[in-house]
Amino acid sequence: MFNSILSGNLTLINFAICILTSFVLGLIVALVHTKTNRTNKNFATTLVVLPSLVTIVILLVNGNLGTAVAVGGAFSLIRFRSIPGNSKEILSVFFAMAIGLAVGTGYIAYSIIFTMIASLSILVLNAIKFGEGKNQILKICIPEDLDYTEVFEDIFKEYMESYELTGAKTINMGSMFELTYLINTKRNINEKEFIDKLRVKNGNLKIALTHELIGDVL
(Lines give C-alpha, C1' and ligand atoms only; values in the text may rest on other atoms or scores of the structure.)
Protein backbone atom coordinates (compact mmCIF):
# COMPACT_ATOMS: atom_id res chain seq x y z
CA MET A 1 0.00 0.00 0.00
CA PHE A 2 2.80 2.41 0.86
CA ASN A 3 5.15 1.29 -1.92
CA SER A 4 5.49 3.20 -5.16
CA ILE A 5 3.17 2.02 -7.92
CA LEU A 6 5.88 2.98 -10.41
CA SER A 7 8.43 0.40 -9.27
CA GLY A 8 8.16 -1.26 -12.69
CA ASN A 9 7.51 0.22 -16.12
CA LEU A 10 5.06 3.09 -16.45
CA THR A 11 1.75 1.82 -17.75
CA LEU A 12 -1.27 3.71 -19.02
CA ILE A 13 -3.26 2.67 -15.94
CA ASN A 14 -0.56 3.89 -13.53
CA PHE A 15 -0.29 7.12 -15.48
CA ALA A 16 -4.04 7.67 -15.26
CA ILE A 17 -4.06 6.91 -11.51
CA CYS A 18 -1.28 9.43 -10.88
CA ILE A 19 -2.88 12.21 -12.90
CA LEU A 20 -6.34 11.66 -11.41
CA THR A 21 -4.91 11.55 -7.87
CA SER A 22 -2.94 14.75 -8.47
CA PHE A 23 -6.02 16.52 -9.80
CA VAL A 24 -8.22 15.50 -6.86
CA LEU A 25 -5.58 16.43 -4.29
CA GLY A 26 -4.98 19.73 -6.10
CA LEU A 27 -8.70 20.43 -5.84
CA ILE A 28 -8.47 19.86 -2.07
CA VAL A 29 -5.55 22.30 -1.84
CA ALA A 30 -7.53 24.92 -3.77
CA LEU A 31 -10.60 24.46 -1.57
CA VAL A 32 -8.52 24.80 1.61
CA HIS A 33 -6.81 27.90 0.23
CA THR A 34 -10.07 29.61 -0.75
CA LYS A 35 -11.51 28.75 2.66
CA THR A 36 -8.63 30.33 4.57
CA ASN A 37 -7.46 33.16 2.32
CA ARG A 38 -8.78 35.85 0.00
CA THR A 39 -8.07 34.73 -3.54
CA ASN A 40 -9.29 34.84 -7.12
CA LYS A 41 -10.51 32.32 -9.66
CA ASN A 42 -7.26 32.23 -11.63
CA PHE A 43 -5.10 31.38 -8.63
CA ALA A 44 -7.55 28.74 -7.39
CA THR A 45 -7.48 27.13 -10.83
CA THR A 46 -3.68 27.17 -10.76
CA LEU A 47 -3.67 25.26 -7.47
CA VAL A 48 -5.97 22.61 -8.91
CA VAL A 49 -3.83 22.02 -12.00
CA LEU A 50 -0.31 22.51 -10.57
CA PRO A 51 0.04 19.06 -8.89
CA SER A 52 -0.91 17.36 -12.15
CA LEU A 53 1.66 19.40 -14.08
CA VAL A 54 4.43 18.54 -11.62
CA THR A 55 3.38 14.89 -11.72
CA ILE A 56 3.60 14.84 -15.52
CA VAL A 57 7.04 16.46 -15.43
CA ILE A 58 8.37 13.76 -13.10
CA LEU A 59 6.78 10.96 -15.10
CA LEU A 60 8.23 12.27 -18.37
CA VAL A 61 11.79 12.43 -17.02
CA ASN A 62 11.51 8.75 -16.11
CA GLY A 63 11.72 9.17 -12.37
CA ASN A 64 14.90 11.27 -12.35
CA LEU A 65 13.93 13.28 -9.29
CA GLY A 66 16.76 15.81 -9.56
CA THR A 67 15.84 16.78 -13.11
CA ALA A 68 12.15 16.80 -12.30
CA VAL A 69 12.56 19.11 -9.32
CA ALA A 70 14.67 21.52 -11.39
CA VAL A 71 12.10 21.66 -14.19
CA GLY A 72 9.13 21.82 -11.80
CA GLY A 73 10.81 24.61 -9.85
CA ALA A 74 11.28 26.58 -13.04
CA PHE A 75 7.56 26.19 -13.78
CA SER A 76 6.60 27.43 -10.34
CA LEU A 77 8.55 30.65 -10.85
CA ILE A 78 6.01 31.71 -13.47
CA ARG A 79 3.63 32.63 -10.65
CA PHE A 80 6.18 34.88 -8.97
CA ARG A 81 7.14 36.74 -12.14
CA SER A 82 3.74 38.44 -12.21
CA ILE A 83 2.13 39.65 -8.99
CA PRO A 84 3.93 39.12 -5.66
CA GLY A 85 1.98 36.74 -3.48
CA ASN A 86 1.48 36.71 0.24
CA SER A 87 2.81 34.00 2.52
CA LYS A 88 -0.38 31.91 2.31
CA GLU A 89 -0.24 31.88 -1.47
CA ILE A 90 3.40 30.77 -1.41
CA LEU A 91 2.49 28.03 1.08
CA SER A 92 -0.30 26.79 -1.19
CA VAL A 93 1.96 26.76 -4.25
CA PHE A 94 4.61 24.67 -2.50
CA PHE A 95 1.87 22.50 -0.97
CA ALA A 96 0.60 21.75 -4.47
CA MET A 97 4.12 21.10 -5.76
CA ALA A 98 4.87 18.71 -2.88
CA ILE A 99 1.77 16.72 -3.80
CA GLY A 100 2.86 16.59 -7.43
CA LEU A 101 6.32 15.36 -6.42
CA ALA A 102 4.91 12.63 -4.18
CA VAL A 103 2.36 11.42 -6.72
CA GLY A 104 4.83 11.67 -9.58
CA THR A 105 7.17 9.24 -7.82
CA GLY A 106 4.27 6.84 -7.33
CA TYR A 107 3.67 7.23 -3.60
CA ILE A 108 -0.09 7.64 -3.81
CA ALA A 109 -0.91 6.64 -0.23
CA TYR A 110 1.73 8.96 1.23
CA SER A 111 0.51 11.87 -0.87
CA ILE A 112 -3.09 11.35 0.26
CA ILE A 113 -2.10 11.13 3.94
CA PHE A 114 0.12 14.19 3.64
CA THR A 115 -2.65 16.19 1.96
CA MET A 116 -5.20 15.27 4.63
CA ILE A 117 -2.89 16.08 7.55
CA ALA A 118 -1.62 19.35 6.05
CA SER A 119 -5.12 20.50 5.03
CA LEU A 120 -6.55 19.72 8.47
CA SER A 121 -3.67 21.57 10.14
CA ILE A 122 -4.22 24.67 7.99
CA LEU A 123 -7.97 24.67 8.67
CA VAL A 124 -7.49 24.25 12.42
CA LEU A 125 -4.87 27.01 12.63
CA ASN A 126 -7.14 29.31 10.65
CA ALA A 127 -10.17 28.45 12.82
CA ILE A 128 -8.36 29.27 16.08
CA LYS A 129 -6.97 32.44 14.45
CA PHE A 130 -3.43 31.38 15.23
CA GLY A 131 -1.05 34.37 15.21
CA GLU A 132 -3.83 36.87 14.45
CA GLY A 133 -2.99 40.43 15.39
CA LYS A 134 0.75 39.86 15.35
CA ASN A 135 3.21 42.28 13.83
CA GLN A 136 0.88 44.85 12.30
CA ILE A 137 2.21 48.17 11.07
CA LEU A 138 0.84 51.41 12.50
CA LYS A 139 1.78 54.76 10.92
CA ILE A 140 0.85 58.02 12.63
CA CYS A 141 1.42 61.59 11.49
CA ILE A 142 1.88 64.19 14.24
CA PRO A 143 2.72 67.93 14.34
CA GLU A 144 6.41 68.75 14.62
CA ASP A 145 5.97 70.37 18.05
CA LEU A 146 4.42 67.24 19.63
CA ASP A 147 6.78 65.09 21.73
CA TYR A 148 6.08 61.61 20.34
CA THR A 149 8.18 59.64 22.84
CA GLU A 150 5.36 59.15 25.34
CA VAL A 151 2.30 60.87 23.87
CA PHE A 152 0.57 57.60 22.89
CA GLU A 153 1.83 55.55 25.83
CA ASP A 154 -1.50 55.25 27.68
CA ILE A 155 -3.45 54.27 24.54
CA PHE A 156 -0.89 51.66 23.50
CA LYS A 157 -0.94 50.03 26.93
CA GLU A 158 -4.73 49.81 26.78
CA TYR A 159 -5.01 48.23 23.32
CA MET A 160 -1.74 46.42 22.67
CA GLU A 161 0.15 43.42 23.92
CA SER A 162 3.41 44.95 22.71
CA TYR A 163 4.63 47.77 20.49
CA GLU A 164 7.88 49.19 19.19
CA LEU A 165 8.75 52.45 17.44
CA THR A 166 10.67 51.32 14.35
CA GLY A 167 10.97 54.61 12.47
CA ALA A 168 10.40 58.36 12.59
CA LYS A 169 10.80 60.78 9.69
CA THR A 170 9.84 64.34 8.87
CA ILE A 171 7.33 65.07 6.12
CA ASN A 172 5.64 68.15 4.59
CA MET A 173 8.82 70.23 4.58
CA GLY A 174 9.53 69.30 8.18
CA SER A 175 6.16 70.47 9.50
CA MET A 176 5.14 66.95 10.62
CA PHE A 177 6.61 63.65 11.78
CA GLU A 178 5.54 60.26 10.46
CA LEU A 179 5.96 57.57 13.11
CA THR A 180 6.07 53.87 12.26
CA TYR A 181 5.26 51.30 14.95
CA LEU A 182 5.45 47.51 14.92
CA ILE A 183 2.50 46.50 17.08
CA ASN A 184 0.79 43.42 18.47
CA THR A 185 -2.82 44.28 19.29
CA LYS A 186 -4.89 42.55 21.93
CA ARG A 187 -7.66 40.22 20.81
CA ASN A 188 -11.13 41.58 20.06
CA ILE A 189 -10.26 45.25 20.42
CA ASN A 190 -12.57 47.95 19.09
CA GLU A 191 -10.41 49.18 16.22
CA LYS A 192 -12.45 52.31 15.50
CA GLU A 193 -12.33 53.32 19.15
CA PHE A 194 -8.56 52.74 19.17
CA ILE A 195 -8.00 54.91 16.09
CA ASP A 196 -10.36 57.62 17.37
CA LYS A 197 -8.32 57.94 20.55
CA LEU A 198 -5.14 58.26 18.49
CA ARG A 199 -6.78 60.97 16.37
CA VAL A 200 -7.48 63.02 19.48
CA LYS A 201 -3.79 62.87 20.36
CA ASN A 202 -2.38 63.62 16.90
CA GLY A 203 -4.76 66.42 15.94
CA ASN A 204 -6.83 64.34 13.50
CA LEU A 205 -3.90 63.86 11.12
CA LYS A 206 -3.33 60.77 8.99
CA ILE A 207 -3.28 57.34 10.68
CA ALA A 208 -2.72 54.05 8.82
CA LEU A 209 -3.09 50.58 10.37
CA THR A 210 -2.26 47.65 8.11
CA HIS A 211 -3.92 44.27 8.45
CA GLU A 212 -1.29 42.32 6.51
CA LEU A 213 1.33 40.39 8.41
CA ILE A 214 5.00 41.31 8.07
CA GLY A 215 5.62 37.91 6.54
CA ASP A 216 3.18 38.76 3.74
CA VAL A 217 5.23 41.71 2.55
CA LEU A 218 7.49 40.14 -0.09
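Is Asp154 buried, partly exposed or exposed? At 46% relative accessibility, Asp154 comes out as partly exposed (buried is under 20% relative accessible area, exposed over 50% and partly exposed in between, with a 1.4 Å probe and protein chains only). The model is a predicted one, with local features needing pLDDT of at least 70, side-chain atom pairs counting only at pLDDT 80 or more, and totals for chains, interfaces and linings using all residues. Residues are numbered from 1 along each chain as its sequence is written, and side-chain values use heavy atoms, with hydrogens and water left out.

Asp154 also takes part in a salt bridge, and its partner is Lys201, with 3.7 Å between the closest N and O atoms (a salt bridge is a side-chain nitrogen of Lys or Arg within 4 Å of a carboxyl oxygen of Asp or Glu). This pair ties together distant parts of the chain, as Asp154 sits in helix α6 (residues 153–159) and Lys201 in helix α7 (residues 191–202), 47 residues apart. Helices here are DSSP runs (H or I, at least four residues), numbered from the N terminus. Lys201 is partly exposed too, at 34% relative accessible area.

The structure holds five salt bridges. Another of them joins Asp196 to Lys192, where the closest N and O atoms are 2.8 Å apart. These two are four residues apart in helix α7, so about one helical turn separates them. Asp196 is partly exposed at 24%, whereas Lys192 is exposed at 59%. Arg199 joins in as well, linked with Lys192 and Asp196 in a network of salt bridges. Then there is Glu178, bridged to Lys169 with the closest N and O atoms 3.6 Å apart. Here Glu178 is buried, at 14% relative accessible area, while Lys169 is partly exposed at 47%.

Away from the charges, Leu120, Val124, Leu125, Ile128 and Phe130 make a nonpolar surface patch of about 510 Å². Patch members have over 30% relative accessible area and no salt bridge, with nonpolar side chains (Val, Leu, Ile, Met, Phe, Trp, Tyr) joined within 5 Å and like charges within 9 Å; areas come from the Shrake-Rupley method with a 1.4 Å probe, and for residues only the protein chains shown count as cover.
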